[in-house]
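Hi,

Here is the structure I promised to pass on.

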Amino acid sequence: MTDHFSGDDHRYMAHALQLAEQGLYTTDPNPRVGCVLVRDGVVVGEGAHLKAGEPHAEVHALRMAGEQAVGATAYVTLEPCSHHGRTPPCADALVKAGVARVVAAMQDPNPLVAGQGLARIAAAGITTASGLLEAEARRLNPGFISRMERGRPFVRLKLAASLDGRTAMRSGESQWITGAAARADVQRLRARSSAVVTGVETVLHDNASLTVRAPELGLSPELAEQAASRQPLRVVLDSQLRLPAGSKLLSLPGEILIATALSQDHPRAAALIQPGARMLSLPGTEGRVDLGALLVLLAEEYQCNELLLECGATLAGAALQAGLVDELVLYMATTLLGSSARPLLELPLERMAQQQRLKLTDSRMLGEDLRLTLSCDGEIN
C-alpha cells in the first residue's frame, strides 16, 4: 500500500510528526500520534493525541476542519485505529467525514489494528497509502512499538560519568558529576518513560526519589506541569529485601514495585508493602531478580512502553550483558575522577572478541557536558 509521495506529502507528514511530539510526556500508554487534514493545498484541520482516554489526533483534526474535511487528504503518523478502545475507531470517523485520501506514516503494530484500519478505509472507496516518513514515525514511539512487536518495553539505560569513565569517588561521593542542563535532560527522560527502574544499592546510597519534578524539567511552566502530572511507575530491584521501610521513595506519591528474588511472604516483605507499593517475586539465577521476566511483566500488566534504567554499575552491566538494553544515554562531564574512583559498568570481559560495539545515533553538548546516545544491538558474547 505504498505509492509515490510528493514534496507536499512529505511536508504535511512532517508537520503531523511535529504535532505528535506534543504528547511526548502525556499519552502513555498510548502512542504519540499527529494528524493533518489538507484540502486544495490548505491545512483545514490538525490535531494530536494528548492523553489516554481523550480524543485521538484524527478526531481533533476533524473537529477543526468541520465540513472542509470532505474531499481532504488526511496525513496521520500512525494507521487510524479500527477497534473500540476507550474511544471509537478513527478509521470510521475518517470515512464518515468523507475524506478522499488517507496517508499513514506506518502501520499500527497493535495486533488489534495491524492493517485493518487502512483496509476498512480502503473498503469505503478512499485512497490509502502508508510508509511516508516511517523511520521518523517509529522513532517517535519506540516503546509502544517494542511492546506490541516484542512483548517488552523499550529499555533506555542512563549513565553519567567523568571523561575517564568513572561515576563516583571510591567513597561513593558522586553529586554532582554533571551540570544542571544534563540533570534537566534526565528529568525529561523520566517524564517520557512509563517506568523508572533502579537497584536497591542506588536507593540505599542516594535515598533516591526517582520522581519527575516540574521545576527541574527545563520546560515551559505549562508543559512542565503536564509532564509532572503523570509520574512514572518506580521499580526497585531488591533481590534480598534490603530496602528500609522508611525510605523517602516509599513516602512519595505514585506507584512503586519492589521486585525481589525472595518469596512475598518473607518476614521483611510485610514492612515494605505500604499504600502504593507492591511486591513482585521474580527469582532468577544466583539469587537475583529475573530481569527478562520483569520486562515482560511490566509490558503485560502495566502497559509499559519506555523504561528508563537509572542504576549503578552492577545492574547496568547485568542488563547490557543480558542483551536487554536498547539504547544507552551517556552523560560525560569534562572532568577526571581518577583510577581509584568507581567504574561505569561491571562487565566481566577479558578478551577483545567480547567487546560490544555500539552505534552512535546522536551527540550534543548540554551546558559543559556531552550527551552521547547509542543504540545497543546484540548481546555481549
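Before the notes, one term: the domain bounds used here come from an automatic or database domain assignment. Please also keep in mind that this is a predicted model.

With those bounds, domain 1 (7-140) and domain 2 (151-375) each give at least three residues to the lining of the second largest pocket. That pocket has a volume of about 1,200 Å³. Its lining comprises 31 residues, and Arg139, Leu140, Arg156, Arg192 and Glu327 are the closest to the pocket centre. Sorted by class, the lining holds 17 charged, 10 nonpolar and 4 polar residues. Among the elements that supply at least two lining residues each are helices H5 (134-140) and H6 (142-150), along with strands E13 (327-332), E15 (359-366) and E16 (369-375).

Now for the annotation. An unreviewed UniProt entry lists several residues under "binding site", including Ala160, Trp176, Thr202, Ser239 and Gly312. The listed residues span 159 positions in sequence and their farthest two C-alpha atoms are 28.1 Å apart, so they do not all gather at one spot.

Ala160 is part of strand E6 (residues 154-161). Beyond its neighbours within four places in sequence, Ala160 touches Arg166, Thr167, Ile177, Thr178, Leu330, Tyr331 and Leu344. Trp176 sits in the loop between strand E7 (166-168) and helix H7 (180-192). Is Trp176 buried or exposed? With a relative accessibility of 58%, Trp176 counts as exposed, because the cut-off for that class is over 50%.

Best wishes

Terms used: Residues are numbered from 1 along each chain as its sequence is written. This is a predicted model: local features need pLDDT of at least 70, side-chain atom pairs count only at pLDDT 80 or more; totals for chains, interfaces and linings use all residues. Side-chain values use heavy atoms; hydrogens and water are left out. UniProt positions are given in the numbering used here, feature names are shortened, and annotations may be inferred rather than shown by experiment. Helices (H or I, at least four residues) and strands (E, at least two) are DSSP runs, numbered from the N terminus. Contact means heavy atoms within 4.5 Å. Buried means under 20% relative accessible area, exposed over 50%, partly exposed in between (1.4 Å probe, protein chains only). On a 1 Å grid over the protein atoms alone, a cavity is a set of points where a 1.4 Å probe fits but cannot get out, and a pocket is an open set with protein on both sides within 12 Å along at least five of seven lines; lining residues have an atom within 4 Å of a point. Grid points are joined across faces, edges and corners, and a volume is the space filled by probe spheres set on the points. Ala, Val, Leu, Ile, Met, Phe, Trp, Tyr, Cys and Pro count as nonpolar, Asp, Glu, Lys and Arg as charged, and the others, Gly among them, as polar.
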